[in-house]
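Could you walk me through this structure in my viewer? I am new to it and would like to know what to select next and what I will find there.

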Amino acid sequence: MNTSIESQFPTYQIIDGEGNMVNDDYKSEITEELARKFYEKMIFARLFDRKGVNLQRQGRIGTYVPFEGQEAAQIGSALALEDGDWMFPTYRDHGATSAFGHSLKNIFLYWRGFIEGCVPPEGKNIFPPAVPIASQILHATGTAWADKKKGNDRVSLVYFGDGATSEGDFHEGLNFASVFNVPAIFFNQNNGFAISLPINKQMKSKTIAQKALAYDIPGVRVDGNDIFAVYFETKKAVDRARNGEGPSLIEALTWRYGAHTTTDDPTKYRDQHESHERREKYDPMTRLEKFMQKQGYWDEEWAEEVQKDASRRLDEAVEEMEKVEKSDEAVMFDYVFGTDVWPVEEQKQAFFADRSER
Amino acid sequence: MTVAINTKKMTLVQAVTDGLRTMLEEDERVLLLGEDVGVNGGVFRATDGLCEAFGEERVIDTPLAESGIVGTSIGLAMNGFIPIVEIQFLGFIYPAFNQIMTHATRIRARTKGRFTVPMVIRAPYGAGVRAPEIHSDSAEALFTHMPGIKVVVPSNPYDAKGLLIASIEDPDPVLFLEPMKIYRAGKGEVPEGKYTVEIGKGNRLKEGEDVSIFAWGAMVKVAMDAAEKMEEKGVSCDVIDLRTLYPLDKDIIAETVQKTGRAVIVHEAPLSGGVGSDIVSLINDTSFLYMRAPIERVAGFDTPMPFFNLEDDYIPDSTRVQKAIEKAVSF
Ligand SMILES: Cc1ncc(C[n+]2csc(CCOP(=O)(O)OP(=O)(O)O)c2C)c(N)n1
Ligand SMILES: [Mg+2]
């Protein structure tokens with residue numbers, strides 16, 4: 001019997017790198033319609049990300065955090081949620097938040113240095129991108145706990161990276177979720193690096209999924225570049241949570257092709273050759289495309305239309321973003337408390353008095 | 001202060017690197033620890049080349065956990081090493097707050113000196129570089145209020161290296177804050193080899209008679225600019241770069257305000273509970289009867305540091321400081 005950790009946590013895959021379906025687990029549910037929906041959302045995310053990188057290069061936004069290569073992990077998981085569920089993204093998860101209904105204009109505004117970027121559309125339970133690593137994991141446990149107490153069937157899904165599993169907050173979040181049996185899905189995107197630190201220096205554990213054992217919750221490892229594997233495994237965890245069966249940990253194996261952020265130079269710490277190779281062999285978009293071709297779902301004209309439509313929506317969002325020149329300075333003061341406190345009020349008045357004299 | 005002979009022109013961040021290199025060479029007990037400080041050389045390149053030069057046993061890429069970094073460094077320090085910890089941005093120090101507040105700062109006191117924590121925590125801080133949220137906090141006052149840790153902030157390359165070496169040689173924990181905004185804002189002459197700038201001593205940058213201006217870190221430039229503009233209007237300013245925020249240089253504070261009878265304090269951190277309040281108290285304690293005008297504070301607001309499209313509205317600028325000076329002298 002093979003009892004190695006890797007064999008206890010095999011990497012679940014439905015579509016391999018060549019676009020072949022490697023098992024029949026979800027055969028009946030994998031339809032042309034689903035494949036097309038995935039393609040639409042993923043190509044949108046990819047174009048979104050490239051737009052972000054370009055806007056930064058042109059100085060139209062500030063530092064930007066790219067996610068190219070991680071589209072299947074983000075879109076597959078986001079689409080497993082329903083309206084009213086909670087999503088807790090990091091700074092790298094705008095692929096997921098846009099697929100879950102965040103405002104494109106606001107997502108761009110975040111990177112342009114506007115607090116409006118933290119504000120989701122009415123009715124969408126999307127937390128602002130969490131910058132302090134792992135801190136958001138506890139919040140997801142908390143919102144899930146609240147839904148359980150209220151008797152709602154809503155679930156909370158939280159994104160975090162491989163590096164985040166080193167923080168105390170990760171372990172506290174999973175332990176609380178386990179102890180109180182809350183409807184939370186801990187969705188890890190293992191992209192192999194935390195800025196410059198490769199995962200083998202981040203941890204000696206062979207997998208992230210195995211960390212679930214310590215909290216006695218289900219832990220699975222999926223091929224994070226296979227959108228079908230991501231989607232159906234996440235859906236399973238979501239259904240369990242919705243049915244009151246408690247939290248799960250999902251480790252999605254993926255890769256960021258580019259820099260950690262637009263201020264980072266990855267050649268300092270890794271051979272970018274590996275990124276090129278992974279793009280050749282494991283790219284989530286190419287894989288879906290190959291699968292669709294093999295199934296006879298592919299239609300070149302349709303794909304072109306989808307891309308054109310995505311570009312048009314992105315251009316519109318950028319135009320909207322660029323209409324916003326500056327926040328009203330009052331924003332700085334007006335939302336610190338729900339009821340006025342004199343120091344903030346006094347400082348606000350002094351600020352505007354100073355401005356009017358200039 | 002020992003004086004080295006040869007000098008080199010370098011930026012503030014290069015002076016930090018030079019200080020770290022000097023002490024890694026000088027003292028085998030010195031270790032560098034932090035996120036991305038090794039192979040990558042730090043996200044601001046403050047530890048560039050040091051891992052190559054001194055090896056992975058001394059320049060250590062740690063897992064991503066600030067409480068872990070500071071907590072294990074306390075153990076390293078108690079057991080014979082001098083850890084220099086990098087917190088990637090001051091805004092990410094909060095997970096380590098517990099370790100600093102409940103242990104690093106009081107192990108000497110709790111063991112009557114049997115165990116000590118000679119450790120330096122370095123952190124880039126402050127606004128003005130259009131960084132994403134949380135990266136721009138000025139949280140120095142959280143630490144000046146902590147009994148048992150010194151807080152040091154250089155404003156130029158020479159002081160950065162000298163104060164860093166003094167911090168490393170200090171027998172107790174030191175929080176060493178590096179103003180990001182001026183990491184690369186021009187070069188200054190920095191002596192080669194080892195020298196120190198004494199902790200707890202401010203520095204008079206400009207001699208004047210009418211008003212004393214206190215600042216530190218990136219605000220020193222703003223204070224100097226305001227002083228020069230006011231000089232043109234005939235107001236002569238005594239500008240003090242405090243350099244250490246705990247313990248404050250009580251002597252220089254008393255001496256300058258007893259000469260001028262007026263004070264303007266400039267800091268980027270929120271007004272309430274800021275280090276400015278400590279300076280006001282010291283002036284009150286030492287020089288009450290010398291004062292000819294209420295003390296002015298020009299500070300950040302009691303709001304979270306805003307997103308970067310509003311950061312210039314938040315950060316005290318020369319105009320605000322000039323107005324405060326005018327108010328003080330025309331009282
Ligand atoms: C508490 C905290 N410490 C440090 C940082 C700086 N930082 C930003 S991203 C990052 C690496 C995160 O790696 P990982 O969790 O793998 O996520 P990824 O960036 O790969 O998506 C670090 C150290 C931070 N944002 N928060
Ligand atoms: Mg990562």
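Here is a short tour, one selection at a time. Keep in mind that you are looking at a predicted model.

**Stop 1: the two domains of chain B.** Where they touch, domain 1 of chain B contributes 24 residues and domain 2 of chain B contributes 23.

**Stop 2: the side of domain 1 that touches domain 2.** Stay in chain B and pick out helix H6 (140–144), strand E6 (150–152), helix H7 (157–169) and strand E7 (174–179); each of them gives at least two residues to this side of domain 1. Colour that side by residue class and you will find eleven nonpolar, six polar and seven charged residues.

**Stop 3: a stretch from the record.** Now select residues 10–185 of chain B, which an unreviewed UniProt entry lists as "domain: Transketolase-like pyrimidine-binding". Over this stretch, chain B is 36% helix and 16% strand. The C-alpha atoms at the ends of 10–185 in chain B are 10 Å apart.

**Stop 4: ligand 1.** Finally, centre the view on ligand 1 and show the 19 residues that surround it. The closest are A:Ile133, A:Gly161, A:Gly163, A:Ala194 and B:Phe92. Which chains supply the residues around ligand 1? Chains A and B both do, so this site is shared between chains. By class, ten residues of the shell around ligand 1 are nonpolar, five are polar and four are charged.

Note on methods
Residues numbered from 1 in each chain as written. Chains lettered and ligands numbered in written order. Predicted model: local features only at pLDDT ≥ 70, side-chain atom pairs only at ≥ 80, totals over all residues. Contact = placed C-beta atoms within 7 Å. Helix = DSSP H or I, 4+ residues; strand = E, 2+ residues; numbered from the N terminus. Nonpolar A, V, L, I, M, F, W, Y, C, P; charged D, E, K, R; others polar. Near = placed C-beta within 6 Å. UniProt positions renumbered as here; feature names shortened; annotations may be inferred.
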